[in-house]
Every structure is written in C-alpha cells, then in structure tokens.
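Subject: Structure handover

Hello,

Here is the structure I promised to pass on. Please open it alongside this note.

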Amino acid sequence: MSNLEKKVIGVDVSLKMLTLNYKDSEGVIITRNIPNLRKDILGNLNFFDKEEYKIIVEATGAYSSKILYFSHELGFEVSMVNPVSIKRYGELKNHISKTDAEDSRLIREYGEQVEFRPYTPKSKTLEYLDQELNLWHDLEQAKKKYGLKLKALQQKAMCSKETIKHYERLIRNHDCEIEKVISRMSRLQDEELKRDVDLLSSISGIGEKTALLLLVATNGFKNFANAKQISKYFGVAPCLYESGTKKKSLCKCRTTKKHVRSILYVCSWTAMRFNSQCRELYERILSKNKSKKVALIAVCNKLLRQCFGIMRNKIPYQKNYLQVGN
C-alpha cells in the first residue's frame with residue numbers, strides 16, 4: 001500500500017494530551033484525546049492496523065518525541081509536519097477556529113493529500129549526545145552571563161568582596177560541570193561516530209565540536225536527501241523574493257536552529273581564510289558589491305554542502321575532488 005493510500009491518524013500535540021483524528025473502517029471521523037504518556041500511547045495505538053494506518057504528528061520539539069518514538073517502535077509509518085504548514089493549510093480552507101480537535105483534523109486532511117518523508121529516530125548514542133550538547137551550550141551561556149556580571153561589578157566604585165567571591169565560585173563550578181559534560185560525551189562516542197567526526201573535521205573551518213553538533217542535529221545526515229534540504233533546515237539557504245516590478249532581494253530562510261547557525265557563522269570566518277572553495281565564493285560575492293554578512297552566510301551554505309558530500313562519499317575532504325573526478 002502506497003503512502004497516500006493509507007488512512008491517516010492526525011495527531012495534535014500538547015504537554016499533557018494528544019488529540020487523535022482519524023477515520024474508522026466505516027469512514028466515520030473520530031476524535032480522541034489521550035494522555036501524552038508511554039502506556040497510553042502504546043495502549044491506544046495497538047488498536048490500529050499499522051498496514052492500514054500511518055501517523056502524521058505536529059512537530060513540537062520534546063512534546064512530540066514520545067508519540068514519534070513509540071509509534072515508530074510499533075512499526076507504524078510516522079512522519080512530522082511543520083505547524084506553520086498546518087497553519088497555512090487552515091488559512092487556505094478559511095479555517096478560523098483554533099482548537100486541538102480542529103488542528104488534529106487539519107493535520108489528518110493535510111496528510112491525506114501530501115506525501116511526507118518517513119520519520120527516522122536518532123540512535124540512543126546520538127540522542128544522549130544531543131542532550132549533553134544542549135547542556136554544554138546552556139552551561140557555557142550561564143558561565144558567560146556570570147562572567148559579564150562579574151566584570152561589570154568589578155568596575156563599580158564600591159563592590160562587595162563576598163559578592164565577587166560568589167560570582168567567581170559560580171564560574172568555577174560551571175567550568176567543573178562543563179568538564180564533566182565533555183568527559184561523558186567522549187565516552188558516549190562509538191567508533192563509527194568518531195570516524196564521522198574525523199571526516200567532517202577534515203574540512204577547513206569545521207572543528208570537532210561543530211562536526212559532532214552537525215552529526216547530532218542531522219541524525220548523521222540521514223534525514224536529508226540532498227544538500228539543499230540541509231541548508232534550508234539550518235536557515236542558510238538563499239530565498240528569492242519577487243513581486244511585480246519590485247526589486248529582487250536575497251536573504252536567508254528563517255528556522256529555529258539559531259544555535260547551530262551561529263556556530264556555522266563563526267566557522268565561516270575561518271573557512272573564508274583557509275578553505276579555498278569558500279574563499280573563492282566569499283571573494284566572488286564581495287566582487288558583486290554584496291555585503292560581508294551575505295557572503296559569510298553563503299560560506300555557511302558552502303560548508304554544509306561540503307559536509308553533506310563528505311558524509312555521502314565517506315572520504316576525507318579534498319579541495320580538488322571535483323577536478324580529479326572529472
């Protein structure tokens with residue numbers, strides 16, 4: 001049975017509840033609310049035939065992770081849909097109300113007309129590394145915040161020594177916690193992951209931390225069919241806007257991957273100096289009187305394309321690879 005021939009279970013997700021909308025064997029539309037808990041998800045999904053139904057879930061980060069993971073474990077074909085897509089679909093149908101039941105119905109109707117890429121969960125190693133990386137980022141941000149506050153405090157005409165000592169102690173504690181996170185991350189990495197990190201690190205401009213971050217965020221680049229999808233996912237793909245006689249303008253698409261995008265932007269500073277292909281791209285864009293920021297975003301795009309090519313071919317970066325291949 002093809003993807004579009006299967007019946008769809010549309011799932012609207014919230015913190016505590018899941019709203020399911022589907023058609024039964026007689027074509028009657030049914031809406032059901034179930035708790036967003038493992039036992040309730042497994043208990044309810046066992047009543048459906050996985051050969052007859054597929055599941056379309058609204059992507060809501062951690063809230064939707066349980067229904068995605070457990071339905072995949074049961075053997076269902078499961079996919080995620082961007083909430084913005086559902087919102088636009090509702091506007092197209094002059095949908096004016098906003099309830100969980102109505103949203104789940106829209107998700108089901110949208111899933112009956114559009115074919116989605118199947119969801120592939122991360123491995124246990126990548127999932128744990130993702131959590132550790134997020135913790136590392138949060139600790140670094142907190143340490144930076146306390147460092148700035150300490151610096152500002154030390155400039156005051158009168159400042160409490162006890163307060164200064166407290167800030168210094170907080171910074172030392174964060175340094176200690178960061179070392180623990182890095183130690184746990186090194187133990188989590190298996191041989192295959194370490195090889196992939198080494199492959200990506202062969203690209204001038206991509207360090208080990210960035211390589212690991214990209215592998216975790218993309219599920220080892222398995223969630224993408226081509227490099228363009230990756231660029232869109234991280235928000236560095238150029239978008240063309242044109243309307244009537246209005247002047248064309250290029251900008252980057254917006255995504256929620258701000259943390260990864262900011263790290264890629266820092267990587268572009270090194271890449272434009274030591275990565276020959278990125279440097280040529282950077283200089284070519286500047287020669288067209290574009291801003292340096294636009295050129296650096298293009299370098300980020302180039303880096304992602306190089307990463308995708310490296311992971312697809314499983315060979316270290318070679319600056320003249322295309323010329324050799326020809």
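Below is what I found, from the whole chain down to single residues.

Please keep in mind that this is a predicted model.

**Whole chain**

The protein chain holds 13 helices and seven strands. Its C-alpha trace spans about 70 × 60 × 50 Å along the principal axes. Of the 326 residues, 40% are buried. The accessible surface is about 19600 Å². Carbon and sulfur atoms account for 52% of that surface.

**Two helix pairs**

Two packed helices are described by the angle between their axes and the distance between the axes. I looked at two pairs that way.

Take helix 11 (residues 276–286) and helix 12 (residues 292–313) to begin with. Their axes lie 9 Å apart, at an angle of about 150 degrees. Angles over 145 degrees count as roughly antiparallel, so helix 11 is roughly antiparallel to helix 12. The crossing of these two helices is right-handed. From helix 11, the contact takes in Gln277, Cys278, Leu281, Tyr282, Ile285 and Leu286. Facing them in helix 12 are Lys292, Val294, Ala295, Leu296, Ala298, Val299, Lys302, Leu303 and Gln306. By class, the contact between helix 11 and helix 12 has 11 nonpolar, two polar and two charged residues.

Now helix 5 (residues 124–153) and helix 8 (residues 208–217). Their axes come within 9 Å and cross at roughly 125 degrees. Helix 5 and helix 8 are therefore oblique to each other. Their crossing is left-handed. Helix 5 brings Leu126, Leu129, Asp130, Leu133 and Trp136 to the contact. Helix 8 meets them with Lys209, Leu212, Leu213, Leu215 and Val216. The residues of the contact of helix 5 with helix 8 divide into eight nonpolar, no polar and two charged.

**Two residues in helix 12**

Val294 lies in helix 12 and is among the residues that meet helix 11. How accessible is Val294? Its relative accessibility is 39%, so Val294 counts as partly exposed. Pro238 is 56 residues away from Val294 in sequence. In space, the two are 9.3 Å apart, C-alpha to C-alpha.

Arg312 is also placed in helix 12. At 59% relative accessibility, Arg312 counts as exposed, because the cut-off for that class is over 50%. Arg312 and Ser262 are 50 residues apart in sequence. Their C-alpha atoms are 24 Å apart in space.

Most residues other than glycine have a negative phi. Two residues here are worth a look on that account.

Asn219 is not a glycine, yet has a positive phi of about 55 degrees. Where does Asn219 lie? Asn219 sits in the loop between helix 8 and helix 9 (227–234). Its relative accessible area is 3%, so Asn219 is buried.

Phe221 also has a positive phi without being glycine, near 65 degrees. Phe221 is placed in the loop between helix 8 and helix 9. Is Phe221 buried or exposed? With 7% relative accessibility, Phe221 counts as buried.

Over to you.

Best regards

Methods. Residues are numbered from 1 along each chain as its sequence is written. This is a predicted model: local features need pLDDT of at least 70, side-chain atom pairs count only at pLDDT 80 or more; totals for chains, interfaces and linings use all residues. Side-chain values use heavy atoms; hydrogens and water are left out. Axes are lines fitted to C-alpha atoms, for helices over the stretch in contact, and angles run from 0 to 180 degrees between N-to-C directions. Helices (H or I, at least four residues) and strands (E, at least two) are DSSP runs, numbered from the N terminus. Angles under 35 degrees count as roughly parallel, over 145 as roughly antiparallel, 65 to 115 as roughly perpendicular and the rest as oblique. A crossing is left-handed if the near helix is turned anticlockwise from the far one by less than a right angle, and right-handed if clockwise. Contact means heavy atoms within 4.5 Å. Ala, Val, Leu, Ile, Met, Phe, Trp, Tyr, Cys and Pro count as nonpolar, Asp, Glu, Lys and Arg as charged, and the others, Gly among them, as polar. Buried means under 20% relative accessible area, exposed over 50%, partly exposed in between (1.4 Å probe, protein chains only). Accessible areas come from the Shrake-Rupley method with a 1.4 Å probe; for residues, only the protein chains shown count as cover.
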